[in-house]
Amino acid sequence: MTLLPKDKDISTIQAEKVGGNPLFPIFLKLNDLHTVLVGAGNVGLEKLAAVLHNSPEARVTVIALSILEDIHVLAAEYKGLQIVQKTFSDSDLNNADLVIAATNDSELNNFIRQSAHDRKLLINVADKPELCDFYLGSIVQKGDLKIAISTNGKSPTIAKRLKEVLNDGLPDELDNTLQQMSALRNSLSGDFAYKVKKLNAVTSVLVEPKAVAKKSLIWLIWGSIVLSIIIAGTALWLREPDFKTYVQNINPLFYYFLGAGFLFALIDGAIGMSYGVTSTSFSLAMGIPPASASMGVHLSEIMSNGIAGWMHYRMGNINWKLFKMLLIPGIVGAVSGAYLLSSLEHYSQYTKPFVSVYTLILGIVILSKAFKTGVKKSSEKIKKIPLLGLGGGFIDAVGGGGWGSIVLSTLIAGGRHPRFSLGTVKLSRFFIALMSSITFFAMLNTHHWEAVSGLVIGSAIASPIAAKISNRISAKAIMVAVGVIVILISIRSIAIFLGKVL
């Protein structure tokens, strides 16, 4: 009797034969096998490290005439590793179970392969997929959970990138779940069918909450966006009961900020940052007090970051543990900063230069990033995430921007994965902007609605366009332009203040 996998028939299996990766994944107990590695250069060291990292008690014999010092160091650490310093001979495979060829001599590699096949041994030949019987795939490990990734030898780089994504996406606590499930399985009595049914019922909770969480998150984001629009619309209506007359006599300031909001949102979509600092710098230069400028920035960011956060959620780019550590401290910092800045609104002529100094610093940071070829990552991930969120939220509210520049850059520089850091920061930014806006709205008597509404509408129009044009524009050129503009505007505001004082 032939046993077929559940939900599959013979026709389905036959259809799956066409195309795709034909390799059969298998996990070997290298503790019980003898592996012979020929070659002890950099490639050999890489292969050896992969074997020992996954199977520390593996029995491995390294054969080479020239041997790297690092391999001798490994031999002192791993008892199962033996080094034989000699040229390879056919008889070296007599007691082997598995063979890896990692020399830089193609003729020698072919000879090793033939010797292995003569003994019906499987062999891996470094950087020669067509000569391999098996590949050493990229491995993702969380305790007892181990996932092997194969691209059928087509692109080890893609496999490496997938490994990074899975390593960051799978929580370390997953191993605790495995241990608990193992204990539960061992405690169950009854036949096989009963055990499977019971274990399926227990593990279903890992999947079902996702649908509920997705709907809740979508309702929360879109509900908050609608609420912010209602708040802005109601305030505008109360301020101008004769709305028609008001529209006909709109202050030209609205159109300036409409164009500015559109342009700054396009820039932010191209380089992933600078909307807050450019909008705030422009607002201050146009005579808007710091608190009203910051409120306009945060109101306009509710919609853009809500949509961006939702999209990152759908693409699986959210690190929920990191999100939780950032959210509450970030909100506390943002509300505190918004409250402080609003309380000093009557002293805006004094607070404006300090905010201008802050935007000047951010402009210099943006300009410096434009000329950096890469971000140097720390070997250890940053630990004080709540403190980072608190400080980032406070500075963002006071300065009208900086959550992305401060929090995102710190996370990436601290060793966090860029993709998950970006998604998490974008989603948390939605809630930061929402709470800051509510605080500003409750505290301020004068809101400068022409400027605020211009930024909100302009950035909303630009959001869907920015994603399409971002890949067609040089990010470096935009960052240089933005940095220079922000620096010049900030210096102008500071100079005007100093001119009045002196």
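Phe-323 is found in helix H13 (residues 320-343). Helices here are DSSP runs of H or I with at least four residues, strands are runs of E with at least two, and both are numbered from the N terminus. Keep in mind that this is a predicted model: local features need pLDDT of at least 70, side-chain atom pairs count only at pLDDT 80 or more, and totals for chains, interfaces and linings use all residues. Numbering starts from 1 along each chain as its sequence is written, and side-chain values use heavy atoms, with hydrogens and water left out.

Is Phe-323 buried or exposed? Phe-323 counts as buried because its relative accessibility is 8%. The cut-offs are under 20% relative accessible area for buried and over 50% for exposed, with partly exposed in between (1.4 Å probe, protein chains only). Leaving aside neighbours within four places in sequence, Phe-323 is in contact with Ile-318, Thr-424, Leu-427, Ser-428 and Phe-431, where contact means heavy atoms within 4.5 Å. Take Thr-424: it sits 101 residues away from Phe-323 along the chain, yet their C-alpha atoms are separated by 5.7 Å.

Phe-431 turns up again in the largest nonpolar core, which has 32 residues. A core here is a set of buried Ala, Val, Leu, Ile, Met, Phe, Trp, Tyr and Cys residues joined through side-chain atoms within 4.5 Å. The members touching the most others are Met-295, Leu-326, Val-407, Leu-411, Phe-431 and Phe-440. At least two residues of this core come from each of H12 (290-314), H13, H15, H16 (403-413), H17 (418-443) and H18 (449-469). Apart from it lies another core of 21 residues, among them Val-62, Ile-71, Leu-98 and Ala-126.

Helix H15 (residues 385-399) is worth a look on its own. Its 15 residues reach 21 Å from first C-alpha to last, close to the 21 Å expected at 1.5 Å a residue; the expected span is 1.5 Å times one less than the number of residues. Buried in H15 are Ile-385, Leu-388, Gly-389, Gly-392, Gly-393, Asp-396, Ala-397 and Gly-399. Just after H15, Gly-400 takes a positive phi of about 80 degrees.

Ser-279 counts as buried because its relative accessibility is 0%. Not counting residues up to four places away in sequence, Ser-279 touches Phe-264, Val-297 and Leu-455.

Now for the strands. Strand S1 (residues 34-38) is mostly covered, with five of its five residues buried. Both faces are covered: His-34, Val-36 and Val-38 on one side, Thr-35 and Leu-37 on the other. In a regular strand, side chains alternate between the two faces of the sheet. The pairings below need at least two DSSP bridges between the strands.

| Strand pair | Sense | Bridges |
|---|---|---|
| S1 and S2 (residues 59-64) | parallel | five bridges |
| S1 and S4 | parallel | four bridges |
| S4 (residues 98-101) and S5 (residues 122-125) | parallel | four bridges |

Val-38 stands opposite Ile-63 in S2 and opposite Ala-101 in S4.

Most residues other than glycine have a negative phi. Lys-120, in the loop between H4 and S5, has a positive phi of about 60 degrees although it is not a glycine. Lys-120 counts as exposed because its relative accessibility is 78%. Asp-127, in the loop between S5 and strand S6 (138-142), also has a positive phi, near 60 degrees. With a relative accessible area of 68%, Asp-127 is exposed.

Zooming out, the chain has 19 helices and seven strands. Buried residues make up 40% of its 502 residues. Of the contacts with a separation of 6 or more, 73% involve residues 24 or more positions apart. The accessible surface comes to about 28000 Å², of which 62% belongs to carbon and sulfur atoms; areas come from the Shrake-Rupley method with a 1.4 Å probe, and for residues only the protein chains shown count as cover.
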